[in-house]
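Work through the exercises below with the sequence and the model side by side. Try each task before reading its solution.

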Amino acid sequence: MQTVFIRFLTQEGRVRGFYELATRARISSLPGEVYQVPIEALRLLEAQHIAFRRATDSEVKAAPDQGS
């Protein structure tokens, strides 16, 4: 399964998007509001008109460090 790291564009989108993904797909949450999701799950977000973007490499690399 291929995955992608994303960030939601708004707080409302984050709440709605996390709910959709948590109930219908496999999702991992990282610090800094970065989420790892299956590429196929992006269609769920698009169908619900939930805005997101791919997380940058620096955001993904920084996410594990935010807890320390």
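The model is predicted: local features need pLDDT of at least 70, side-chain atom pairs count only at pLDDT 80 or more, and totals for chains, interfaces and linings use all residues. Residues are numbered from 1 along each chain as its sequence is written, and side-chain values use heavy atoms, with hydrogens and water left out.

**Exercise 1. Work out the strand order of the open sheet and name its edge strands.**

Step 1: Strands (E, at least two residues) and helices (H or I, at least four residues) are DSSP runs, numbered from the N terminus. Two strands pair if DSSP finds at least two bridges between them.
Step 2: read the order. The four strands run E2-E3-E1-E4, with antiparallel pairing.
Step 3: find the edges. Strand E2 (28-30) and strand E4 (52-54) each pair on one side only.
Step 4: From one strand to the next it averages 35°. Angles run from 0 to 180 degrees between N-to-C directions, with axes fitted to C-alpha atoms, for helices over the stretch in contact.

**Exercise 2. Find the bridge partners along E3.**

Step 1: take E1 (residues 3-8). Four bridges pair E1 with E3 (residues 34-38) in the antiparallel sense. Val4 is partnered by Val37, and Thr3 by Pro38.
Step 2: take E2. Three bridges join E2 to E3, also antiparallel. Here Ser28 stands opposite Gln36.
Step 3: check the hairpin of E2 and E3. Three residues lie between the strands, and Gly32 takes a positive phi near 85°.

**Exercise 3. Which strands does H1 lie across?**

Helix H1 (residues 11-24) lies across E1, E2 and E3. Its direction is at about 150° to E1.

**Exercise 4. Why is E3 largely enclosed?**

Step 1: count buried residues (under 20% relative accessible area, 1.4 Å probe, protein chains only). Four of the five residues of E3 are buried, so the rest of the structure largely encloses this strand.
Step 2: inspect Val37. Beyond its neighbours within four places in sequence, Val37 is in contact (heavy atoms within 4.5 Å) with residues including Ile6, Leu21, Ile27 and Leu42.

Methods. Buried means under 20% relative accessible area, exposed over 50%, partly exposed in between (1.4 Å probe, protein chains only).
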